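Please open the structure in your viewer and keep the selection panel at hand.

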2 protein chains.
Amino acid sequence: MTSVEDRPVALRVNLALRELLALAHDVQVALARRLGLGATDVQALQHLATGVPMGTVDLAHALKIRSASATVLVDRLEAAGHVRRDPHPRDGRRVTLVVSEAARVEVRAALAPLVDAITRLTDGLPPEQAEVVARFLGDTTEILRTYAAEPPEAG
Amino acid sequence: MTSVEDRPVALRVNLALRELLALAHDVQVALARRLGLGATDVQALQHLATGVPMGTVDLAHALKIRSASATVLVDRLEAAGHVRRDPHPRDGRRVTLVVSEAARVEVRAALAPLVDAITRLTDGLPPEQAEVVARFLGDTTEILRTYAAEPPEAG
DNA sequence: CAAATCTAGCTAGATTGTCTAGCTAACTTA
DNA sequence: TAAGTTAGCTAGACAATCTAGCTAGATTTG
């Protein structure tokens, strides 16, 4: 039996989360505009900036677009000087995508106000509350990941 | 061996949030695929489903696209039987967009697993922790909104 | 070791969705 | 009533992704 008093809180969390998901798009667009790039291109840079070495196909998988589209995307980023195509040392077919240091800095700078604001928010919380929030966010991303991965029709 | 829990809480929250923002896109795409629509069309339905009466221009503002694009978007939704264009009772220029009950049900059903999972998660929290989470999410959406609204160059 | 198969990446052309430009009709104001 | 504003639409341009199909390098197999 759910009590009447914790219903509003659950509802508030649900609504806030949905609003946050909706806002995510706007945030990506805003970030892209700051960098003068398209939204997908920025996502690509963010993936590449994690440091995990990637080829064109890997990037395509990460972005959930076709490899052909990723090729064109990398063309754009390369033309803008944001990434470089390095040959793979062992596999002649492969390409290793390397983010330029300038692009890395640009992305970090554009994200800074956001990261700083969130950090301020987190630092303002008592440690045990921050812990609660971190755990909740971790669980939530897990749920979202599951939902996003789930096939449209359950087999 | 460092585990995830050893990291500073602030960093974990920041990372989780960024992951959440990245996942939001995938979630929208997954939802769109379930409904057989484009991502923006689904967002439009979600906006319209809130019950706040809207015209084409209002929808355009909500989605941050041009009114011309919204017109075409509404054409698509109308052709698919998801919305209806009703004349505005007082303003002859205006159109009131009405979501069909079928579409409303479809969207709710497609979102159900997500909403249910989040609700389970929230209901599993002690009330005071839920309160902390709700407050944090509210503050976060505020930060994101500010970031998304901020002009590329401070003038 | 040579043939068949697979994989990474690319090119070309079709498709889709948003954009800009510009229009009409209706509302508002001086 | 004339001028300006707003809601919505149409037409055509543009940008990003998609499908189809190709080449070259890697892997497997008889």
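**First stop: where the two chains meet**

Select chains A and B together: 49 residues of chain B are in contact with 50 residues of chain A, two residues being in contact if their C-beta atoms, placed from the backbone, lie within 7 Å. The model is a predicted one, in which local features need pLDDT of at least 70 and side-chain atom pairs count only at pLDDT 80 or more, while totals for chains, interfaces and linings use all residues. For making selections, residues are numbered from 1 along each chain as its sequence is written, and chains are lettered from A and ligands numbered from 1 in the order in which they are written.

Now highlight the side of chain B that touches chain A. The elements that give two or more residues to this side are helix 1 (9-35), helix 5 (101-123) and helix 6 (127-149) of chain B; helices (H or I, at least four residues) and strands (E, at least two) are DSSP runs, numbered from the N terminus. Helix 1 of chain B gives the most, with 19 residues. By class, the side of chain B that touches chain A holds 30 nonpolar, eight polar and eleven charged residues. In this division, Ala, Val, Leu, Ile, Met, Phe, Trp, Tyr, Cys and Pro count as nonpolar, Asp, Glu, Lys and Arg as charged, and the others, Gly among them, as polar.

Of the interface residues of chain B, 98% are also interface residues in chain A, so the copies meet through the same surface.

**Second stop: how the copies are related**

Select Thr141(A), which lies in helix 6 (residues 127-149) of chain A. Which residues does Thr141(A) contact, leaving aside its neighbours within four places in sequence? They are Ala16(B), Glu19(B), Leu20(B) and Leu23(B). Thr141(A) counts as partly exposed because it has 19 C-beta neighbours inside 10 Å. A residue is buried if 20 or more other C-beta atoms lie within 10 Å of its own, exposed if 12 or fewer, and partly exposed in between, with C-beta atoms placed from the backbone.

Asp139(B) is partly exposed, with 18 other C-beta atoms within 10 Å. From Asp139(B) to Leu35(B) there are 104 residues in sequence and 31 Å in space, C-alpha to C-alpha.

Select DNA strand D, which 22 residues surround; the closest are Thr40(A), Gly92(A), Gly55(B), Val57(B) and Ala68(B). A residue is near a strand if its C-beta atom, placed from the backbone, lies within 6 Å of it. Helix 4 (67-79) of chain A, together with helix 3 (56-63) and helix 4 (67-79) of chain B, are the elements that give two or more residues to the surface near DNA strand D. This surface divides into eight nonpolar, eight polar and six charged residues.

Turn to DNA strand C, also surrounded by 22 residues, the closest being Gly55(A), Val57(A), Thr40(B), Ala68(B) and Gly92(B). Here the elements that give two or more residues are helix 3 (56-63) and helix 4 of chain A together with helix 4 of chain B.

Show helix 2 (residues 39-48) and helix 4 of chain B, which pack at an angle of about 80 degrees with their axes 10 Å apart. The axes are lines fitted to C-alpha atoms, for helices over the stretch in contact, and angles run from 0 to 180 degrees between N-to-C directions. Helix 2 of chain B is therefore roughly perpendicular to helix 4 of chain B, a term for angles of 65 to 115 degrees. Thr40(B), Asp41(B) and Ala44(B) of helix 2 make the contact with Leu73(B), Arg76(B) and Leu77(B) of helix 4.

**Last stop: a loop and a buried leucine**

Select Lys64(A), in the loop between helix 3 and helix 4 of chain A. Lys64(A) has a positive phi of about 60 degrees although it is not a glycine.

Finish at Leu48(A), in helix 2 (residues 39-48) of chain A. Leu48(A) is buried, with 24 other C-beta atoms within 10 Å. Beyond its neighbours within four places in sequence, Leu48(A) is in contact with Met54(A), Leu59(A), Val83(A), Leu97(A) and Val99(A).

Technical notes:
Parallel < 35°, antiparallel > 145°, perpendicular 65-115°, else oblique.
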